[in-house]
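Thanks for coming. I will take a few minutes to walk through one structure, so please look at the screen.

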Amino acid sequence: MPSLPVREAQAPKTISMKNKKLEANLYMAISKVFSGLNMNALKYLLPLWMSPLTGATIRCTFAAVAFWIIGWFAPSEENTSRKDKWLLFLLGALGLYGFMFLYLIGLSKTTPVSSSIFTSLQPIWVFLIMIFFYHEKATGSKIAGISIALVGALVCILTQRSDDLASDAFVGNMLCLFSSVVYAIYLVMSKRILSAVGPITMLKYTFSGSAVSGLIVSVITGFDAPVFSLPFHWLPFAVLMFVLIFPTTISYMLLPIGLKYLKTTVVAIYGYLILIVATIASLILGQDRFSWTQTFAILFICVGVYLVEVAESKDKSTPMATPAHK
């Protein structure tokens with residue numbers, strides 16, 4: 001009989017955790033759908049309605065202002081040291097802006113589907129960084145997954161030809177590939193201080209750093225955004241507002257919830273939504289054509305990332321893996 005009150009006390013806690021996981025799944029799905037549509041929206045805007053470098057500056061600056069305003073109304077987070085703030089600022093200035101810098105230029109030269117293929121490779125680069133620089137165990141499953149995913153990437157790079165939809169497919173694909181590597185480095189480096197920093201604080205300072213970098217580059221290269229020129233064009237302006245509000249601001253705010261309550265494998269699988277949404281939207285909008293080679297690349301990368309994520313999840317569940325995560 002004494003066990004009954006314990007069970008009754010545990011029931012609300014279990015229900016609450018299930019609700020949190022359900023909420024996290026919903027937020028992750030919304031975030032990744034926005035990220036997939038972001039590919040198509042940016043492809044529409046670049047480079048006709050704004051140059052890639054100006055687009056990166058606009059996104060970073062808008063998000064920085066938005067997150068500082070949100071921070072005024074959000075619950076207060078733990079005090080962050082000046083050192084951590086500067087580290088976040090530098091990570092944003094170099095890592096986050098570097099990612100957007102390369103990605104937007106690359107997307108302007110290739111198709112949304114191809115760019116999303118390379119975006120989905122980010123977990124692979126994270127694991128390679130952890131293996132080579134942090135001595136993470138390289139299991140057979142991880143090596144197989146990485147190899148399969150890289151084969152898919154090579155197929156996409158080497159077989160896509162430039163046409164009316166991709167002005168310079170090879171250069172665009174390589175830039176998108178490098179952008180995913182830069183973002184992976186940013187993720188690995190930022191993770192070292194995230195345990196002591198709240199999500200809004202992280203977003204405020206990283207996007208502030210990226211905004212400063214963007215403004216400096218725009219001063220040097222010039223501000224090129226016909227979307228703001230007269231006569232006013234409502235459709236490109238509406239598409240730009242969608243990019244700034246949903247994929248740039250809301251999507252980044254939803255991610256920490258998913259990362260907190262969901263397993264790494266589940267989060268990675270949600271990343272496939274970017275590929276699915278970008279592919280469907282691209283075919284509907286005429287921004288890409290059906291390609292067996294792209295389909296082959298997508299399947300290989302999805303299988304490769306899944307194998308790596310499953311292997312990583314198993315490693316974390318074993319007692320031998322726990323010291324590495326202290």
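When I say contact, I mean heavy atoms within 4.5 Å. Please keep in mind that this is a predicted model.

Take Phe 207 to begin with. Leaving aside neighbours within four places in sequence, Phe 207 has contacts with Cys 60, Ala 63, Ala 64, Phe 67, Leu 96, Met 100 and Tyr 252. Phe 207 also belongs to the largest nonpolar core, which has 71 residues. Which members of that core touch the most others? They are Leu 121, Ile 124, Phe 207 and Tyr 252. Helix 3 supplies the largest share of this core, with eleven residues. There is also a second, separate core of five residues, among them Ala 24, Met 28, Leu 262 and Val 267. As background, nonpolar side chains in soluble globular proteins tend to be buried together.

Now helix 3 itself. It runs over residues 82-109, 28 residues in total. From first C-alpha to last it reaches 40 Å, close to the 40 Å expected at 1.5 Å a residue. Where does helix 3 bend? At Gly 92, by about 35°.

Next, Thr 119, which sits in helix 4, residues 112-119. Not counting residues up to four places away in sequence, Thr 119 touches Met 39 and Tyr 103. Thr 119 counts as buried because its relative accessibility is 15%, and the cut-off is under 20%.

Last, the cysteines. Cys 176 counts as buried at 1% relative accessibility, and Cys 302 counts as buried at 19%.

Key: Residues numbered from 1 in each chain as written. Predicted model: local features only at pLDDT ≥ 70, side-chain atom pairs only at ≥ 80, totals over all residues. Heavy atoms only, no water. Helix = DSSP H or I, 4+ residues; strand = E, 2+ residues; numbered from the N terminus. Expected span 1.5 Å × (residues − 1). Bend = angle between axes of the 7 residues up to and from the residue. Core = buried A, V, L, I, M, F, W, Y, C linked by side-chain atoms within 4.5 Å. Buried < 20%, exposed > 50% of the residue type's maximum accessible area, 1.4 Å probe, protein only.
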